[in-house]
Amino acid sequence: MSIKNRREQWSSRWAFILVATGAAAGLGNIWKFPYVVGESGGGAFILVYLVAIALVALPILAAELLLGRLGNHNVIDSLRRLAVGRGYSAHWSKLGWIGLLAVFIVLSFYGVVGGWTIAYAYYALSGALSAGGAAPAEHFGVLFGRTTGTPVQALGWQTAFMVATALVVGSGVRHGIERLCRWLMPLLFVLLVCLVVHAALSNGYFGVACRFLFAADVSKLTGESVLSAVGHAFFTLSIGVGAMLTFGSYLPERVGLTATAATVAGLDTLVALLAGLAIFPVVFAHGMEPAAGPGLVFVSLPIAFDAMPAGQLLGIAFFALLFVAAITSAPSMLEPMVEYVRERGTGSRWRATVLVVCAVWVLGVAQVMSFSAWSDVRAFGRNLFELSDFLVSNILLPLGGLLIALFAGWMLSPTQTNGRLGIAGSFLHGVWRFSLRFVAPLALLLVLVSGLR
Ligand code: PHE
């Protein structure tokens, strides 16, 4: 089959850093990270998460970028070419299918939550994010239930989010994805810093939040929280699914991979920690539960904003931030699928985009319905939305990560990796290979085995 390989490239190293940070820093950092930290007891979880980022996730991120650069095609054909070129079986390209399946599922539920972010940004702007004298806990609980549980409304928001994502990806690597991130990533940082500064200056609970986030009481760690920290390190860096591999395939040759990967991992972690510092002082000041689960930012925060002076402004800033985080991440899930269809199909980016988005949208409709009419359709005690999150975070991401670590660690020769990573011949190159061959596979096997139990 002929492959249409007219490939675009990012315009510079910094452009790529913004794009990859945009992909990594998403709902995982601002919506999910705070509530999993809350559920897993704060500082000790963060400590494990940081160690997992440095020892397991960062080496795999660099490996994915390298595989993309060496393969220079969509995820499936990159892996096939590399495996066959080194005398291994073409079946290794199946690893790419695991990745494409994972991004297909993630995007189908990301679109649902992305839709909620548009809804809440709209509520905040239009002044509807106010209890107006009603009991706030009940009011915002009902509002969240209505937003997620009224199919027509929820489908409308989800469709709007998917159309926006399609427009970005359809416009191209540079004109769509890069341009979006160049504008929105600085805005994301400005909004986040404003919210943290406001939390630090305006309420007396900033110190409490800092202690909650940074004082690690290791005795609070359970096997489950360790594994959830490793799983989250993967989810937050978008690794193990071929997204970073695809983005790496558009990197100009002159860009050093290791320093770039480290910068992206550092910025992504910064976004998660700043989000914690913006959210927890508000949660504590209003006597709310840090372990409130997925409703933490959609129910608890609006209650708190409602009680604060300038609460409407804070609500607008926060939900704009959440939307920006989501819309800069979603293209990284769509792009690997679009690039595969484009290269294997007619070569038209728009046609590939429309085709893939329609398919994702259909699964997304089922995800939306799992909050209303189909909430009773359950497997393994979970509805479709919960099952998808479980399948991706506990199985597909660690499995993809494990195979990528083995592929890059054992199948690429040191001469192939040396130099290309930007750490030629150095001690770090040895550490990187050691982590990919032993540390990461072992850690991921543990996550997988426990995730399947
Ligand atoms: N890293 C993204 C986030 O934190 C989620 C994501 C996962 C994106 C996998 C792409 C692939 O929200």
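## Basis

In this predicted model, local features need pLDDT of at least 70, side-chain atom pairs count only at pLDDT 80 or more, and totals for chains, interfaces and linings use all residues. Residues are numbered from 1 along each chain as its sequence is written, and side-chain values use heavy atoms, with hydrogens and water left out.

## Ligand site

The shell around the ligand holds 13 residues (a heavy atom within 4 Å). A24, G28, Y110, F235 and S238 come nearest. By class, the shell has 7 nonpolar, 6 polar and no charged residues. α2 (27-39) gives the most, with 3 residues. α1 (13-24), α10 (223-237) and α14 (311-344) each supply at least two.

An oxygen atom of the ligand is 2.6 Å from a side-chain N or O atom of Y110. Backbone N or O atoms also lie by ligand oxygen: 2.9 Å away for A24 and 3.1 Å for L27. Taken alone the ligand exposes 330 Å², and the protein buries 100% of that (Shrake-Rupley method, 1.4 Å probe).

## Largest pocket

The largest pocket has a volume of about 960 Å³. A pocket is an open set of points on a 1 Å grid over the protein atoms alone, with protein on both sides within 12 Å along at least five of seven lines; lining residues have an atom within 4 Å of a point. Of its 33 lining residues, V36, S228, D389, F390 and N394 are closest to the centre. The lining divides into 14 nonpolar, 12 polar and 7 charged residues.

## Second largest pocket

This pocket has a volume of about 250 Å³. Its lining has 13 nonpolar, 2 polar and no charged residues. α18 supplies the largest share, 6 residues. A54, L58, P59, V431 and W432 lie nearest the centre.

Technical notes:
Polar contact = N/O pair within 3.5 Å; in protein donor to acceptor, adjacent residues only side chain to side chain. Helix = DSSP H or I, 4+ residues; strand = E, 2+ residues; numbered from the N terminus. Nonpolar A, V, L, I, M, F, W, Y, C, P; charged D, E, K, R; others polar. 1 Å grid on protein atoms, 1.4 Å probe; cavity = no way out; pocket = protein on both sides within 12 Å on 5 of 7 lines; lining within 4 Å. Points joined across faces, edges and corners; volume = space filled by probe spheres on them.
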